[in-house]
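Here are a few notes on this one, as promised. Have the model open while you read.

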Amino acid sequence: MPVVVSLRQVQQLLSVMAAKEVTVGEGQDSGVEVRIIGDPIGKGLFATRNYKSGDVIFEERPLVSCQFLWNAAYGYLACDFCMRPLETAEENAGRLAQDSQLSLPYPECCDTRRDTVVECPHCDASYCSRECRESAWNQYHRTLCLRTFQPDPTHPLVMLQEAWKWWSLVPEFHCWLSKGTNSKRNNDPDDGQMHYPPETACIMLLARILATVRQAEDREGATALFLQFCHRTVNEEEEIAHKLLGAEFQNQLEALRALMEKSLWAPEVQHWLTPEGFRSLVALVGTNGQGIGTSPLSRWVRNCDSLNLPPHERQITDTLIETIYQQLEKEAGGFLNNEGSGLYPLQSSCNHSCAPNAMPTFPYNNFHLAMTAVRDITSGDEICVSYLDECNLGRSRHSRIAILRENYLFTCRCAKCEEQTGDPDVTSEEEMDDEAEEEDEAEEDDE
């Protein structure tokens with residue numbers, strides 16, 4: 001059985017003493033262990049037993065998580081604590097396809113339970129259950145709750161969120177938020193398409209970190225826990241500076257810091273609200289945040305696949321699903337999930353490889369992460385994931401290294417990169433231009 005980091009263990013982690021290092025699964029056969037590798041890598045996660053491809057290596061819940069602001073603004077309804085979908089599959093598909101008459105068969109295949117959805121009695125935050133509402137209130141929401149159902153646009157927290165959303169539309173700042181992804185989404189809500197800027201970070205995740213520390217019984221222990229995630233903003237050994245430190249971002253970051261300070265200043269978090277401390281906090285989220293995706297429709301499809309249907313009925317169902325996804329691709333551009341990010345103790349210990357042996361999955365349709373082996377792993381092997389999305393992972397060695405240096409402050413020296421050392425130092429865009437020219441020349445020759 002994989003080691004499972006429960007919510008109770010997360011709460012225990014939040015009360016550790018400042019001088020102690022957090023080790024999840026200590027004293028039990030967890031199947032993994034964190035080892036100190038040394039500079040410049042630091043630490044890594046290693047297998048202590050064998051795993052087959054497809055095995056779950058470990059499961060854990062995040063210390064803190066948050067839905068992306070643009071994702072929420074475009075109507076992707078998720079629990080404000082665990083990110084479980086609050087829409088039914090039919091509601092979700094109908095909204096994204098812009099078809100109010102869309103009807104899905106087999107409603108029993110939808111996991112969403114509308115009868116358990118509750119709201120914060122003081123604001124418009126919604127939760128999938130009373131348990132999630134209570135957990136959010138006890139961890140951070142008591143501090144962050146606006147205590148109104150009509151937010152004041154001059155409230156510092158409201159201004160902080162709006163500033164983040166609109167600055168994410170500025171090309172340079174938006175490029176940092178999307179970490180080099182080449183996904184393109186239309187930013188105009190009036191164009192009739194459900195597109196929004198790609199996001200891989202959220203300012204409210206930072207706010208929830210500070211609020212968690214403020215509400216913790218052991219504030220020093222909670223601070224020490226998050227400090228383990230803190231990432232340097234400069235790699236002096238390789239003379240790499242995090243791209244957020246560029247002069248083009250300083251005005252935006254200072255404005256965000258000022259709003260955060262006005263919203264959440266307290267003695268126990270003041271070190272994170274200095275200019276340098278705030279840059280470190282932003283780098284923490286930018287380099288350690290794990291993307292989270294949940295979807296009522298994908299769960300409905302998966303459950304439908306498990307039904308024992310007669311061949312004719314199966315064919316009709318499969319055709320319907322294919323048609324729905326084609327419509328969603330047309331209207332929503334393929335962006336179907338509730339999206340956010342979170343900080344996970346074990347997952348954050350996994351180093352990058354361009355040929356990873358594991359990948360994070362979300363089998364419970366909430367923030368609960370399951371690290372799954374994508375190929376056989378032998379006891380003693382380091383468990384590595386890809387920090388790049390599937391598209392960027394397929395780019396040239398030169399492009400991959402450039403993205404990793406800008407966003408994670410290291411030069412990748414994984415086995416795949418070492419094997420490709422002799423490849424030309426050109427970007428993927430240059431490679432594609434060369435291929436296009438070759439195709440054009442071939443077409444001319446044919447003529």
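1. The second largest pocket has a volume of about 890 Å³. A pocket here is an open set of points on a 1 Å grid over the protein atoms alone, with protein on both sides within 12 Å along at least five of seven lines; lining residues have an atom within 4 Å of a point. The volume is the space filled by probe spheres set on the points.

2. Its lining counts 31 residues, and Ala 72, Asp 80, Asp 124, Ala 125 and Gln 161 lie nearest the centre. By type, the lining splits into 19 nonpolar, 5 polar and 7 charged. Helix H5 (156-167) is one of the elements supplying at least two lining residues, and H5 gives the largest share, 5 residues.

3. A caution: this is a predicted model, where local features need pLDDT of at least 70 and side-chain atom pairs count only at pLDDT 80 or more, while totals for chains, interfaces and linings use all residues. Residues are numbered from 1 along each chain as its sequence is written, and side-chain values use heavy atoms, with hydrogens and water left out.

4. Is Thr 317 buried or exposed? Thr 317 is buried, at 3% relative accessible area (buried means under 20%, exposed over 50%, with a 1.4 Å probe and protein chains only). Thr 317 sits in helix H12 (residues 311-332) and touches Tyr 106 and Leu 309, leaving aside residues up to four places away in sequence; contact means heavy atoms within 4.5 Å.

5. For the whole chain, buried residues are 50% of the 447.

Notes: Helix = DSSP H or I, 4+ residues; strand = E, 2+ residues; numbered from the N terminus. 1 Å grid on protein atoms, 1.4 Å probe; cavity = no way out; pocket = protein on both sides within 12 Å on 5 of 7 lines; lining within 4 Å. Nonpolar A, V, L, I, M, F, W, Y, C, P; charged D, E, K, R; others polar.
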